[in-house]
Amino acid sequence: MIKKIVLAILLFQVTIFTAQEKPQFTSSIEEVHKKEAFMSQKYLKYTIDITFGGKQRLKGEITQETGGGKIKIEKQDGSLIIFDGKEVYSLGIKEEDMGAARFDIFTWSYFLGLPYKLNDKGTIWSNFEENKWGTKNFDTGKLTFESGTGDAPDDWYIIYKNPETNMLGGAAYIVTFGKGKEKAEKEPHAIKYNKIKIIKSIPIATNWTFHMWSLKKGYEKVIGEVKLSNIKFINEAEFIVPQKAKKVKALPN
């Protein structure tokens, strides 16, 4: 009985510690990334160029609501992917590429907006500690999600914060979309944010590199790169779903 009481007290103390750590960890990132200024803007539009394994994966323009609602990708080849706030639609995308289209519409916009998504509904924080990131140790926290959050609630992230600047240095992550958690955890990756550009007082990373990753070593071999250009905040944007567009359904994990 005494052991159970002691265990309960320890668990309670850990919960309180985590609850105290989370606001400080996330709020310091949000502050330096100017979350209030970012969220006061209506839409963000930018050109994106994505390469993995030396091959171009996607090139085009992305328009997204800063609050994380509607998203549109206008690809260089003329195809289109739209999230109207409820459903994903595509035009000019081959049937066998529908899964990739759904992945694209949510993934790249999420990575851009990550500094502002840390306290979204359904987020769970734990494991606040220090871990290696390059040649330095960064402050880290593990981000998981409540069941039913988004397309892939089993995804997790380890967020890396520069202790000197409070800037978001990057994140380790798994992608369970279309393959499940067990398989995804066999090959975790990391995104590293580089080359910050100030747009309307807001810092935006214009270059992201993707790496193999381990908790012990941090980010390792480069496996991909994203380049952003023509970044601008705009007040008007259209997210009209074309009549011939097809609905892109979620894949089972």
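Tutor: A cavity is a set of points, on a 1 Å grid over the protein atoms alone, where a 1.4 Å probe fits but cannot get out, and its lining residues have an atom within 4 Å of a point. The model is predicted, and local features need pLDDT of at least 70, side-chain atom pairs 80 or more, while totals for linings use all residues. Residues are numbered from 1 along each chain, and side-chain values use heavy atoms, without hydrogens and water.

Student: How many cavities of 30 Å³ or more does a search of the whole structure find?

Tutor: The search finds one.

Student: What makes residues of the lining of the largest cavity nonpolar, polar or charged?

Tutor: Ala, Val, Leu, Ile, Met, Phe, Trp, Tyr, Cys and Pro count as nonpolar, Asp, Glu, Lys and Arg as charged, and the others as polar. The lining includes His33, Phe111 and Trp208; because of these classes, it divides into eleven nonpolar, one polar and no charged.

Student: Why is Asn131 called buried?

Tutor: Buried means under 20% relative accessible area (1.4 Å probe, protein chains only). Asn131 has 10%, and is therefore buried.

Student: How do you know that the side chains of Asn131 and Glu129 are joined by a polar contact?

Tutor: A polar contact is a pair of N or O atoms within 3.5 Å, where one must be able to donate a hydrogen and the other to accept it. The side chains of Asn131 and Glu129 are joined at 3.2 Å, so the pair is a polar contact.

Note on methods
On a 1 Å grid over the protein atoms alone, a cavity is a set of points where a 1.4 Å probe fits but cannot get out, and a pocket is an open set with protein on both sides within 12 Å along at least five of seven lines; lining residues have an atom within 4 Å of a point. Grid points are joined across faces, edges and corners, and a volume is the space filled by probe spheres set on the points. Buried means under 20% relative accessible area, exposed over 50%, partly exposed in between (1.4 Å probe, protein chains only).
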